[in-house]
Amino acid sequence: MDQDLKTELSKHGIFATSFEELYNWGRKNSVWPLTFGLACCAIEMIATTMARYDLARFGAEVFRPSPRQADLMIVSGTVTKKMAPQVVRLYNQMPEPKYVIAMGACAISGGPFRDGYNVLKGIDRYIPVDVHIPGCPPRPEALIHAFMTLQDKISAQHLTGESRPRHLKQDLPSEFPVPEFGEHGLEPQQNDEVFRNPLKVLQG
Amino acid sequence: MGKSLPIAPVEHPWATIVVLLIAAVVFGAIPLSLAWLWARLFSPPKPGIQKNATYECGLESQGDAWIQLNVSYYLYAIVFLIFDVEAVFLLPFAAAFSGLSLAACLAMLVFLLLLVEGLIWAWQKGVLTWA
């Protein structure tokens, strides 16, 4: 439906919508995150859910203890190489559509522990991340901002057509390969289908 | 008053109930079938080994769930019952101790001694030694 026509109709008190918009409106206002904290960022995540910042205003206060009931994984904290396979496995066990927020410097790049032998340099090496939040740790407002960014992303997703999200494409798998321990850390070092290596992106 | 309603009288006394029952079933069935239809169209099933795994804490389950527990535990359970029953009666006994008559005190002692006898018997049988 034409956007101008819709605005014109709303001026006359007629509300027009589509199934896609209704569906996305419902989805974006009832995102259920996974109860899953990895490090200090998790404390900020907990603070976000409490009364002062009140994530419930965005319909996301229902943190689910089981991946089967969760839509959103907030990777809040340092992902060690020992934890990375578990994170990927939890992500695989979540039903689709599912989203990932990488919270804090550690989750997006390894942060201050980047040079540690045991630290994964960003969870986006193995699973697709929808929103990255910088900060060490990010304040609750930053997490809420990431949340609203994710809501914008959800409401812009199409149900049909070639641009529809991954979970609506029957042939694309829902599970991502879980890394395993090899002689020198995790193998493979990254999932090339998911990871956009910044160095290679810069080189073109 | 006195003027009859224009609605025709219902033939059977249960007819209203049947109508309401059908309405209730339809009321429940419509959203369920809509949800089913929506899921068929916009939620392609993508099962997988990890997605269908029973354990859901991120770790892989190890070993067999059908492990056997040592049968000696049952003796421990029975000896535990002795102390359990004893504790239940000892508490009110201790609370009312100063106001008890001699007969009540003797009755309680008999009860205690009976339980202690059971414990001594089990001890002598070697139950308390783990084998």
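Predicted model: local features only at pLDDT ≥ 70, side-chain atom pairs only at ≥ 80, totals over all residues.

Modeller: Residues are numbered from 1 along each chain as its sequence is written, chains are lettered from A in the order in which they are written, and side-chain values use heavy atoms without hydrogens and water.

Colleague: How do α2(B) and α3(B) run, roughly parallel or roughly antiparallel?

Modeller: Helix α2 (residues 73-95) and helix α3 (residues 102-124) of chain B have axes (lines fitted to C-alpha atoms) 10 Å apart. Their packing angle is about 160°. Angles over 145 degrees count as roughly antiparallel, so that is what α2(B) and α3(B) are: roughly antiparallel.

Colleague: And which hand does the crossing of α2(B) and α3(B) have, left or right?

Modeller: The rule calls a crossing left-handed if the near helix is turned anticlockwise from the far one by less than a right angle. For α2(B) and α3(B), the crossing comes out left-handed.

Colleague: What is the area buried between chain B and chain A?

Modeller: In contact terms (heavy atoms within 4.5 Å), 18 residues of chain B touch 26 of chain A. Carbon and sulfur atoms give 48% of the buried area, meaning accessible area (1.4 Å probe) lost on being put together, summed over both parts. The total is about 1800 Å².

Colleague: Which residue forms a salt bridge with Glu96(A)?

Modeller: The rule (Lys or Arg side-chain nitrogen within 4 Å of an Asp or Glu carboxyl oxygen) finds 3 salt bridges across the interface of chain B and chain A. For Glu96(A), the closest N and O atoms are 3.7 Å apart, and the partner is Lys46(B).

Notes. Axes fitted to C-alpha atoms, helices over the stretch in contact; angles between N-to-C directions. Helix = DSSP H or I, 4+ residues; strand = E, 2+ residues; numbered from the N terminus. Parallel < 35°, antiparallel > 145°, perpendicular 65-115°, else oblique. Buried area = accessible area lost by both parts, 1.4 Å probe.
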